[in-house]
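Subject: Structure for you to look at

Dear colleague,

Here is the structure I said I would pass on. My notes follow below it.

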Amino acid sequence: MNEEKNIKRASGWWALSPLLVFLCLYLATSIIVNDFYKVPITVAFLVSSCYAIAITKGLKLDQRIYQFSVGASNKNIMLMVWIFILAGAFAQSAKQMGAINATVNLTLHILPDNLLLAGIFIASCFISLSIGTSVGTIVALTPVATGLAQRTGIDLPFMVAIVVGGSFFGDNLSFISDTTIASTKTQGCVMRDKFRVNSMIVVPAALIVLGIYIFQGLSVIAPAQTQEIEWLKVIPYLVVLGTAIAGINVMIVLLLGIISTAIIGIPTGSFSIFEWFGAMGSGITGMGELIIITLLAGGMLETIRYNGGIDFIIEKLTRHVNGKRGAELSIAALVSIANLCTANNTIAIITTGPIAKDIAGKFNLDRRKVASILDTFSCFIPGINPYGAPLLMAAGLANISPISIVGNLYYPFTMGTFALLAILFRYPRRYS
């Protein structure tokens, strides 16, 4: 144990360098050449993963590879892989049976043209608040948003970003969200109190973004509805949305959605049973790149953790904390960087939560405000992180680059700005 600690201490900033290699190879290069497809994200992760294994000290090569594999096979990574597989199978089978077209037609029929953007944002906020997960919301709404973009001529990354942004509103505030549970448990406060503080910070941000979407929606003109709404084919999406809102596990939700496509699609002649199998297989295959990225990211980030990257950041950020404002800023920075290094907001909160609690005790911070900071910044980072599960999932379902979504994420950036201003201006006063 002492030897491992010494290795970690000696690593310092070097332990974080794989993350820098990835960002430089993928993000910086893509920005320079103005093309986010020149360097495939899988190649960027492969190079940075090999580099992470190479710089790990104190272990033989097979042990380094084993350590990398521990991260790639982490239970959270495997859970995401399962969700990706089921999401791909559902999305393609629903598309082939006509469920997406039917749902798009219904949406265009119900929502006025000028409220289409705002309506999608409100739906995303409501569903995520009900189910407490951004990924579940993205799985349910991204195919519909993609179909709406194709029918209305709205920029696809922009439309997908509306869904992603709204999904983090509920992920941040929901009482059943794992981030809410983790942040309140680590700080020892009641969910209701954390919700009250949190809502004072992020609800104004959501209202501003909603106003922007209403204004931008004034120029949206949807095509005249000439197609008859096939109500029967809407059922698979109603099943997915209904069971998700009921709080059923996202994997069960997707399984029920897949089964419902067969129950409706085969008798109506949308496809045969073998075509149904083929659609599911095609959807799963389409998620292959996403799964590879997730496994490589999990392994690389575990190597960074093993080499002491997260411990090093925590030590550096907490060394010179001075005053309440600085203490709150350090907590926000801790959970944000931990999130970048783990690509999982719940793990980031669990990792930094006890340290945040110690900082809160030392500087007499309100635990409800601290829990809100942990939760808000742990949702802000995944909301803009191109290699995080939510953006990868949305990009995979829409068949676009995750980077193309980032620049259109109005709500996550607004939420992060409001959260930072709440720290700087000591808002809300009662809890600061």
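**Helices α8 and α20**

In α8, Ser134, Val135, Ile138, Val139, Thr142, Pro143 and Thr146 meet Pro390, Met393, Ala394, Leu397 and Ala398 of α20; contact means heavy atoms within 4.5 Å. By class, this contact has nine nonpolar, three polar and no charged residues (Ala, Val, Leu, Ile, Met, Phe, Trp, Tyr, Cys and Pro count as nonpolar, Asp, Glu, Lys and Arg as charged, the others, Gly among them, as polar).

This is a predicted model: local features need pLDDT of at least 70 and side-chain atom pairs count only at pLDDT 80 or more, while totals for chains, interfaces and linings use all residues. Residues are numbered from 1 along each chain as its sequence is written, and side-chain values use heavy atoms, with hydrogens and water left out.

Helix α8 covers residues 134-152 and helix α20 residues 389-398; their axes are 9 Å apart, at an angle of about 25 degrees. Helices are DSSP runs (H or I, at least four residues), numbered from the N terminus. Axes are lines fitted to C-alpha atoms over the stretch in contact, and angles run from 0 to 180 degrees between N-to-C directions. The two helices are therefore roughly parallel (angles under 35 degrees).

**Serine 124**

Serine 124 is in helix α7, residues 116-131. Serine 124 counts as buried because its relative accessibility is 0% (buried means under 20% relative accessible area, with a 1.4 Å probe and protein chains only). A polar atom of its side chain lies 2.6 Å from the backbone oxygen of valine 163.

Regards

How values were computed:
Buried means under 20% relative accessible area, exposed over 50%, partly exposed in between (1.4 Å probe, protein chains only). A polar contact is a pair of N or O atoms within 3.5 Å; within protein, one must be able to donate a hydrogen and the other to accept it, and residues adjacent in sequence count only if both atoms are side-chain atoms. Angles under 35 degrees count as roughly parallel, over 145 as roughly antiparallel, 65 to 115 as roughly perpendicular and the rest as oblique.
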